[in-house]
Amino acid sequence: MKDARKAVALISGGLDSLLAAKVIQQQGVHVEGINFYTGFCVEGHTHAIRKKDRAKPKRNNALWVAEQLGIKLHIVDIIEEYKDVVINPKHGYGANLNPCLDCKVFMVQKAREWIEKNDFDFIITGEVIGQRPKSQRKDTMPVIARESGADQLLLRPLCAKNLEPTTPELEGWVDREKLHDFEGRTRKPQMALAKQFGFEDYAQPAGGCCFLTDAQYSHKLADMWKARGDRKYELDDIMLLKVGRHLRPRSHFKMIIGREDGENKFLHGYRKQYTHLFTTSHKGPLVLIDGKIEEDELELAAQITARFSQGRNADKVDVEIHTLAGESLVRQVTPIAGEAIPREWYL
Ligand code: SF4
(Lines give C-alpha, C1' and ligand atoms only; values in the text may rest on other atoms or scores of the structure.)
Protein backbone atom coordinates (compact mmCIF):
# COMPACT_ATOMS: atom_id res chain seq x y z
CA MET A 1 0.00 0.00 0.00
CA LYS A 2 1.19 3.46 -0.85
CA ASP A 3 2.09 5.75 2.10
CA ALA A 4 0.33 9.09 2.56
CA ARG A 5 -0.23 10.97 -0.65
CA LYS A 6 2.25 13.72 -1.42
CA ALA A 7 1.48 17.19 -2.69
CA VAL A 8 3.68 20.08 -3.62
CA ALA A 9 2.33 23.54 -2.83
CA LEU A 10 3.33 26.65 -4.76
CA ILE A 11 4.43 29.00 -2.01
CA SER A 12 4.62 32.69 -2.85
CA GLY A 13 4.89 33.82 0.74
CA GLY A 14 1.39 35.30 0.82
CA LEU A 15 -1.58 34.25 2.89
CA ASP A 16 -3.42 32.30 0.19
CA SER A 17 -0.64 29.82 -0.47
CA LEU A 18 -0.14 29.40 3.27
CA LEU A 19 -3.81 28.55 3.78
CA ALA A 20 -4.07 26.29 0.74
CA ALA A 21 -1.14 24.21 1.95
CA LYS A 22 -2.50 24.07 5.48
CA VAL A 23 -5.95 22.90 4.33
CA ILE A 24 -4.39 19.95 2.53
CA GLN A 25 -1.87 19.23 5.24
CA GLN A 26 -4.77 18.91 7.68
CA GLN A 27 -6.17 16.10 5.57
CA GLY A 28 -3.15 13.96 6.29
CA VAL A 29 -1.40 14.63 2.98
CA HIS A 30 2.39 15.07 3.05
CA VAL A 31 2.98 18.60 1.77
CA GLU A 32 6.22 20.21 0.63
CA GLY A 33 6.54 23.72 -0.77
CA ILE A 34 8.10 25.04 -3.93
CA ASN A 35 9.01 28.68 -4.49
CA PHE A 36 10.19 29.98 -7.83
CA TYR A 37 12.79 32.72 -8.00
CA THR A 38 12.31 34.84 -11.13
CA GLY A 39 14.52 37.82 -10.29
CA PHE A 40 11.46 40.10 -10.14
CA CYS A 41 10.43 38.96 -6.68
CA VAL A 42 9.74 41.73 -4.19
CA GLU A 43 10.85 39.58 -1.29
CA GLY A 44 13.85 40.60 0.70
CA HIS A 45 15.44 42.91 -1.84
CA THR A 46 14.78 46.62 -1.80
CA HIS A 47 13.15 46.51 1.58
CA ALA A 48 16.38 45.02 2.84
CA ILE A 49 18.30 47.97 1.36
CA ARG A 50 16.23 51.06 2.04
CA LYS A 51 16.03 52.84 5.34
CA LYS A 52 12.37 53.82 4.94
CA ASP A 53 11.43 50.13 4.92
CA ARG A 54 13.41 49.34 8.01
CA ALA A 55 10.31 48.65 10.06
CA LYS A 56 9.31 45.79 7.78
CA PRO A 57 10.56 42.39 8.88
CA LYS A 58 13.57 41.37 6.79
CA ARG A 59 12.35 37.93 6.20
CA ASN A 60 11.82 35.78 3.19
CA ASN A 61 8.08 35.21 3.42
CA ALA A 62 8.16 31.93 1.51
CA LEU A 63 10.59 30.54 4.09
CA TRP A 64 8.48 32.00 6.85
CA VAL A 65 5.35 30.27 5.46
CA ALA A 66 7.23 26.98 5.25
CA GLU A 67 8.31 27.41 8.83
CA GLN A 68 4.74 28.07 9.95
CA LEU A 69 3.63 24.92 8.21
CA GLY A 70 6.62 22.90 9.32
CA ILE A 71 7.30 21.82 5.74
CA LYS A 72 10.32 21.56 3.51
CA LEU A 73 10.64 24.40 0.99
CA HIS A 74 12.34 23.98 -2.37
CA ILE A 75 13.50 27.30 -3.80
CA VAL A 76 13.96 26.91 -7.52
CA ASP A 77 15.84 29.41 -9.67
CA ILE A 78 13.95 29.92 -12.95
CA ILE A 79 15.60 33.20 -13.95
CA GLU A 80 16.76 32.10 -17.40
CA GLU A 81 13.68 30.18 -18.51
CA TYR A 82 11.38 32.86 -17.15
CA LYS A 83 12.73 35.47 -19.57
CA ASP A 84 10.60 34.12 -22.39
CA VAL A 85 7.49 34.43 -20.19
CA VAL A 86 8.21 38.12 -19.58
CA ILE A 87 9.33 38.96 -23.10
CA ASN A 88 6.76 36.97 -25.13
CA PRO A 89 3.66 36.30 -23.05
CA LYS A 90 1.17 34.40 -25.18
CA HIS A 91 -1.74 35.74 -23.13
CA GLY A 92 -0.38 39.27 -22.93
CA TYR A 93 0.22 41.52 -19.96
CA GLY A 94 -1.95 42.72 -17.09
CA ALA A 95 -2.19 46.41 -16.18
CA ASN A 96 1.62 46.69 -16.30
CA LEU A 97 4.30 44.36 -17.67
CA ASN A 98 3.00 41.51 -15.53
CA PRO A 99 2.38 38.41 -17.62
CA CYS A 100 0.35 36.81 -14.80
CA LEU A 101 -1.51 34.17 -16.78
CA ASP A 102 1.58 32.95 -18.65
CA CYS A 103 3.49 33.12 -15.38
CA LYS A 104 0.97 30.90 -13.60
CA VAL A 105 0.96 28.42 -16.47
CA PHE A 106 4.75 28.34 -16.44
CA MET A 107 5.06 27.87 -12.69
CA VAL A 108 2.46 25.11 -12.57
CA GLN A 109 4.21 23.46 -15.52
CA LYS A 110 7.52 23.58 -13.61
CA ALA A 111 5.74 22.14 -10.57
CA ARG A 112 4.33 19.35 -12.75
CA GLU A 113 7.82 18.48 -13.96
CA TRP A 114 8.95 18.59 -10.35
CA ILE A 115 6.28 16.17 -9.07
CA GLU A 116 7.07 13.74 -11.88
CA LYS A 117 10.74 13.79 -10.97
CA ASN A 118 10.14 13.56 -7.23
CA ASP A 119 7.29 11.07 -7.24
CA PHE A 120 4.68 13.39 -5.76
CA ASP A 121 0.97 12.99 -6.50
CA PHE A 122 -0.47 16.43 -7.08
CA ILE A 123 -0.01 20.21 -7.02
CA ILE A 124 -1.67 22.81 -4.78
CA THR A 125 -1.99 26.52 -5.41
CA GLY A 126 -3.59 29.27 -3.35
CA GLU A 127 -5.57 30.61 -6.30
CA VAL A 128 -9.04 31.99 -5.66
CA ILE A 129 -11.56 32.62 -8.44
CA GLY A 130 -12.01 36.32 -9.06
CA GLN A 131 -9.14 37.35 -6.80
CA ARG A 132 -7.07 38.85 -9.59
CA PRO A 133 -8.61 40.21 -12.77
CA LYS A 134 -6.13 38.73 -15.21
CA SER A 135 -4.96 35.40 -13.91
CA GLN A 136 -7.47 34.25 -11.34
CA ARG A 137 -10.80 34.12 -13.14
CA LYS A 138 -13.16 31.21 -13.54
CA ASP A 139 -12.31 30.98 -17.24
CA THR A 140 -8.54 31.13 -16.70
CA MET A 141 -8.43 28.33 -14.13
CA PRO A 142 -8.88 25.60 -16.79
CA VAL A 143 -6.36 27.38 -19.05
CA ILE A 144 -3.68 27.11 -16.37
CA ALA A 145 -4.51 23.45 -15.68
CA ARG A 146 -4.52 22.57 -19.39
CA GLU A 147 -1.57 24.58 -20.71
CA SER A 148 0.69 23.60 -17.81
CA GLY A 149 -0.07 19.94 -18.49
CA ALA A 150 -1.07 19.49 -14.84
CA ASP A 151 -4.75 19.00 -15.77
CA GLN A 152 -6.58 17.11 -13.06
CA LEU A 153 -3.55 17.05 -10.80
CA LEU A 154 -3.89 20.74 -10.01
CA LEU A 155 -5.96 21.38 -6.89
CA ARG A 156 -6.96 24.81 -5.59
CA PRO A 157 -8.13 24.06 -2.05
CA LEU A 158 -9.46 27.58 -1.42
CA CYS A 159 -11.96 27.53 -4.28
CA ALA A 160 -12.15 23.83 -5.23
CA LYS A 161 -15.86 23.61 -4.48
CA ASN A 162 -16.55 26.09 -7.25
CA LEU A 163 -14.56 24.07 -9.76
CA GLU A 164 -14.84 20.63 -11.30
CA PRO A 165 -13.51 17.87 -9.03
CA THR A 166 -9.87 17.01 -9.62
CA THR A 167 -8.06 13.67 -9.33
CA PRO A 168 -7.14 14.09 -5.62
CA GLU A 169 -10.85 14.63 -4.88
CA LEU A 170 -12.17 11.92 -7.21
CA GLU A 171 -9.67 9.39 -5.92
CA GLY A 172 -10.44 10.22 -2.29
CA TRP A 173 -6.90 11.43 -1.52
CA VAL A 174 -8.59 14.52 -0.09
CA ASP A 175 -12.13 15.13 1.10
CA ARG A 176 -13.80 17.66 -1.22
CA GLU A 177 -16.25 18.54 1.54
CA LYS A 178 -13.41 19.95 3.61
CA LEU A 179 -12.21 22.21 0.80
CA HIS A 180 -13.45 25.77 0.28
CA ASP A 181 -15.56 27.87 -2.07
CA PHE A 182 -13.89 31.27 -1.74
CA GLU A 183 -14.58 33.64 -4.59
CA GLY A 184 -13.99 37.29 -5.43
CA ARG A 185 -11.69 40.01 -4.24
CA THR A 186 -12.74 40.04 -0.61
CA ARG A 187 -10.07 38.80 1.79
CA LYS A 188 -12.48 38.18 4.65
CA PRO A 189 -12.83 34.39 4.25
CA GLN A 190 -9.05 34.05 4.11
CA MET A 191 -8.61 36.16 7.20
CA ALA A 192 -11.24 34.14 9.06
CA LEU A 193 -9.54 30.89 8.06
CA ALA A 194 -6.15 32.28 9.09
CA LYS A 195 -7.62 33.09 12.47
CA GLN A 196 -9.06 29.62 12.77
CA PHE A 197 -5.63 28.14 12.09
CA GLY A 198 -4.00 30.59 14.49
CA PHE A 199 -1.89 32.35 11.85
CA GLU A 200 -0.96 35.91 12.63
CA ASP A 201 1.56 38.29 11.14
CA TYR A 202 1.30 36.90 7.61
CA ALA A 203 2.40 38.92 4.57
CA GLN A 204 -0.18 41.10 2.87
CA PRO A 205 1.15 41.80 -0.60
CA ALA A 206 -0.59 44.87 -1.96
CA GLY A 207 -0.29 44.41 -5.70
CA GLY A 208 1.20 41.06 -6.43
CA CYS A 209 4.15 38.87 -5.75
CA CYS A 210 6.55 40.64 -8.05
CA PHE A 211 7.81 43.98 -9.34
CA LEU A 212 6.18 43.45 -12.73
CA THR A 213 2.84 44.56 -11.25
CA ASP A 214 4.41 47.88 -10.29
CA ALA A 215 3.67 50.67 -12.78
CA GLN A 216 6.90 52.56 -12.22
CA TYR A 217 9.02 49.45 -12.42
CA SER A 218 7.30 48.38 -15.65
CA HIS A 219 7.84 51.84 -17.09
CA LYS A 220 11.58 51.55 -16.37
CA LEU A 221 11.74 48.10 -17.92
CA ALA A 222 9.91 49.30 -21.06
CA ASP A 223 12.27 52.30 -21.24
CA MET A 224 15.30 50.02 -21.00
CA TRP A 225 14.03 47.83 -23.83
CA LYS A 226 13.29 50.88 -25.99
CA ALA A 227 16.70 52.45 -25.35
CA ARG A 228 18.51 49.23 -26.21
CA GLY A 229 16.27 48.46 -29.18
CA ASP A 230 15.94 44.92 -27.89
CA ARG A 231 13.51 43.30 -25.47
CA LYS A 232 16.13 41.40 -23.53
CA TYR A 233 17.45 41.56 -19.99
CA GLU A 234 20.01 40.06 -17.67
CA LEU A 235 19.55 39.54 -13.94
CA ASP A 236 21.72 42.59 -13.15
CA ASP A 237 19.48 44.79 -15.31
CA ILE A 238 16.30 43.85 -13.51
CA MET A 239 17.99 44.17 -10.12
CA LEU A 240 19.17 47.68 -10.92
CA LEU A 241 15.66 48.68 -11.99
CA LYS A 242 14.66 48.12 -8.36
CA VAL A 243 17.23 50.53 -6.97
CA GLY A 244 17.82 54.27 -7.13
CA ARG A 245 16.30 57.19 -8.97
CA HIS A 246 16.44 56.67 -12.74
CA LEU A 247 16.86 59.66 -15.04
CA ARG A 248 17.23 59.58 -18.80
CA PRO A 249 18.73 62.88 -20.02
CA ARG A 250 19.49 61.47 -23.48
CA SER A 251 18.06 58.53 -25.39
CA HIS A 252 21.46 56.78 -25.39
CA PHE A 253 22.17 56.93 -21.66
CA LYS A 254 20.41 57.02 -18.35
CA MET A 255 21.62 57.71 -14.83
CA ILE A 256 20.94 55.49 -11.84
CA ILE A 257 21.26 57.70 -8.77
CA GLY A 258 21.51 56.24 -5.26
CA ARG A 259 18.91 57.79 -2.97
CA GLU A 260 20.51 56.88 0.32
CA ASP A 261 23.46 55.08 1.86
CA GLY A 262 21.99 51.61 1.47
CA GLU A 263 21.40 52.15 -2.24
CA ASN A 264 24.82 53.74 -2.74
CA LYS A 265 26.40 50.68 -1.19
CA PHE A 266 24.37 48.38 -3.39
CA LEU A 267 25.31 50.37 -6.52
CA HIS A 268 28.93 50.40 -5.41
CA GLY A 269 29.06 46.68 -6.16
CA TYR A 270 28.24 47.44 -9.81
CA ARG A 271 30.52 50.44 -10.32
CA LYS A 272 33.23 48.64 -12.29
CA GLN A 273 30.73 47.64 -14.97
CA TYR A 274 29.58 51.23 -15.54
CA THR A 275 30.90 54.73 -16.01
CA HIS A 276 30.21 56.18 -12.58
CA LEU A 277 30.30 59.50 -10.78
CA PHE A 278 30.26 60.77 -7.23
CA THR A 279 30.76 64.08 -5.49
CA THR A 280 33.91 64.63 -3.45
CA SER A 281 33.42 68.13 -2.05
CA HIS A 282 30.00 67.27 -0.59
CA LYS A 283 28.23 64.15 0.53
CA GLY A 284 26.26 62.74 -2.36
CA PRO A 285 25.05 59.79 -4.34
CA LEU A 286 26.89 57.21 -6.34
CA VAL A 287 25.67 57.46 -9.92
CA LEU A 288 25.93 54.76 -12.58
CA ILE A 289 25.63 55.58 -16.26
CA ASP A 290 23.74 52.96 -18.21
CA GLY A 291 24.37 53.32 -21.93
CA LYS A 292 27.04 55.08 -23.92
CA ILE A 293 27.78 58.57 -22.70
CA GLU A 294 29.83 60.88 -24.93
CA GLU A 295 32.76 62.92 -23.66
CA ASP A 296 30.84 66.18 -24.07
CA GLU A 297 27.93 64.83 -22.02
CA LEU A 298 30.01 64.15 -18.92
CA GLU A 299 29.57 67.77 -17.83
CA LEU A 300 25.80 67.41 -17.82
CA ALA A 301 26.02 64.11 -15.93
CA ALA A 302 28.30 65.76 -13.36
CA GLN A 303 25.90 68.70 -12.94
CA ILE A 304 23.02 66.31 -12.36
CA THR A 305 25.09 64.29 -9.88
CA ALA A 306 25.86 67.52 -8.02
CA ARG A 307 22.18 68.41 -8.00
CA PHE A 308 21.40 65.28 -5.98
CA SER A 309 24.24 65.87 -3.52
CA GLN A 310 24.29 67.98 -0.39
CA GLY A 311 26.00 70.64 -2.50
CA ARG A 312 22.85 71.24 -4.57
CA ASN A 313 22.80 74.93 -3.51
CA ALA A 314 26.56 75.46 -3.66
CA ASP A 315 28.25 77.48 -6.40
CA LYS A 316 30.67 74.69 -7.21
CA VAL A 317 30.74 70.98 -6.50
CA ASP A 318 33.63 68.62 -7.24
CA VAL A 319 32.57 65.48 -9.05
CA GLU A 320 34.81 62.51 -9.69
CA ILE A 321 34.13 60.61 -12.88
CA HIS A 322 35.37 57.11 -13.64
CA THR A 323 34.85 56.00 -17.20
CA LEU A 324 34.42 52.46 -18.40
CA ALA A 325 37.75 52.83 -20.20
CA GLY A 326 39.39 53.15 -16.78
CA GLU A 327 40.06 56.91 -16.86
CA SER A 328 39.29 59.05 -13.88
CA LEU A 329 38.86 62.79 -13.88
CA VAL A 330 37.54 65.49 -11.59
CA ARG A 331 35.16 68.19 -12.77
CA GLN A 332 34.17 71.23 -10.80
CA VAL A 333 30.58 72.02 -11.81
CA THR A 334 27.61 74.16 -10.90
CA PRO A 335 24.69 71.91 -9.93
CA ILE A 336 21.92 71.91 -12.49
CA ALA A 337 18.81 73.75 -11.29
CA GLY A 338 15.84 71.55 -10.38
CA GLU A 339 13.64 73.31 -12.94
CA ALA A 340 16.20 72.65 -15.66
CA ILE A 341 15.51 68.92 -15.35
CA PRO A 342 12.46 68.16 -17.51
CA ARG A 343 9.88 65.87 -15.92
CA GLU A 344 10.19 63.38 -18.73
CA TRP A 345 13.79 62.67 -17.75
CA TYR A 346 12.51 60.99 -14.59
CA LEU A 347 11.60 57.37 -15.21
S1 SF4 B 1 2.42 39.02 -9.97
FE2 SF4 B 1 4.34 38.39 -10.95
S3 SF4 B 1 4.87 36.43 -9.99
FE4 SF4 B 1 2.70 36.84 -9.52
S5 SF4 B 1 1.56 35.80 -11.16
FE6 SF4 B 1 1.87 37.91 -11.84
S7 SF4 B 1 3.74 37.89 -13.05
FE8 SF4 B 1 3.70 35.98 -11.83
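How many of the five residues of E7 are buried? Five of the five, so strand E7 is largely enclosed by the rest of the structure. I'll come back to that strand. One caution before we go on: this is a predicted model.

Overview, then. The chain has 347 residues, and buried ones make up 52% of them. Its secondary structure comes to twelve helices and eleven strands. Along the principal axes, the C-alpha atoms fill a box of roughly 80 × 40 × 35 Å. Take the contacts with a separation of 6 or more. Residues 24 or more positions apart account for 65% of those.

The domain assignment gives two pieces: domain 1 covers 6-211, and domain 2 covers 243-345. Their centres, taken over C-alpha atoms, are separated by 41 Å.

Now the sheet. Six strands form an open sheet, in the order E6-E7-E9-E8-E10-E11. The pairing is antiparallel. Which strands stand at the edges? Those are E6, residues 245-250, and E11, residues 328-333. Each has a single partner strand, so one side of each is left without a neighbour in the sheet. From one strand to the next, the twist averages 25 degrees. As a reminder, strands of a sheet pair through backbone hydrogen bonds, either parallel or antiparallel.

Back to E7, residues 253-257. On one side it has E6. That pair is antiparallel and holds four bridges. A hairpin of two residues joins E6 to E7. Within this pairing, Arg250 has Phe253 of E7 as its bridge partner.

E7 also pairs with E9, residues 286-291. Five bridges join the two, again antiparallel. Look at who faces whom. Lys254 stands opposite Asp290 in E9. Ile256 stands opposite Leu288 in E9.

What about the two faces of E7? In a regular strand the side chains alternate between the two faces of the sheet. Here, Phe253, Met255 and Ile257 are on one side. Lys254 and Ile256 are on the other. Both faces are covered, and these residues are all buried. Note that Lys254 is in that buried set. Helix H11, residues 261-268, lies across E7 and E9. Relative to E9, H11 runs at about 50 degrees.

Next, the ligand. Which residues surround it? Tyr82, Pro99, Cys100, Cys103, Cys209, Cys210 and Thr213 do. By class, that shell divides into six nonpolar, one polar and no charged. Keep that in mind when you look at the site.

On to the helices. H6 spans residues 141-148. Its buried residues are Met141, Val143, Ile144, Ala145 and Ser148. What covers them includes helix H5, residues 100-118, and strand E5, residues 154-155. After H6 comes Gly149, with a positive phi near 85 degrees. 

Helix H9, residues 215-228, holds Ser218. Is Ser218 buried or exposed? Buried: its relative accessibility is 5%, and the cut-off for buried is under 20%. Leave aside its neighbours within four places in sequence. Ser218 is then in contact with Asn96, Leu97 and Leu212.

Asn35 is another polar residue to check. Asn35 is found in strand E2, residues 30-37. Its relative accessible area is 11%, and Asn35 is buried. Not counting residues up to four places away in sequence, Asn35 touches Ile11, Ser12, Ala62, Leu73, His74, Ile75 and Val76. One distance to go with that. Asn35 and Lys220 are 185 residues apart along the chain, and their C-alpha atoms are separated by 26 Å.

Last, two backbone angles. Asp119 lies in the loop between H5 and strand E4, residues 122-124. Its phi is positive, near 60 degrees, in a residue other than glycine. Asp201 has a positive phi too, near 65 degrees, and is likewise a residue other than glycine. Where is Asp201 placed? In the loop between helix H8, residues 188-197, and H9. At 52% relative accessibility, Asp201 counts as exposed.

Key
Residues are numbered from 1 along each chain as its sequence is written. This is a predicted model: local features need pLDDT of at least 70, side-chain atom pairs count only at pLDDT 80 or more; totals for chains, interfaces and linings use all residues. Side-chain values use heavy atoms; hydrogens and water are left out. A residue is near a molecule or strand if one of its heavy atoms lies within 4 Å of it. Two strands pair if DSSP finds at least two bridges between them. Axes are lines fitted to C-alpha atoms, for helices over the stretch in contact, and angles run from 0 to 180 degrees between N-to-C directions. Contact means heavy atoms within 4.5 Å. Domain bounds come from an automatic or database domain assignment. Buried means under 20% relative accessible area, exposed over 50%, partly exposed in between (1.4 Å probe, protein chains only).
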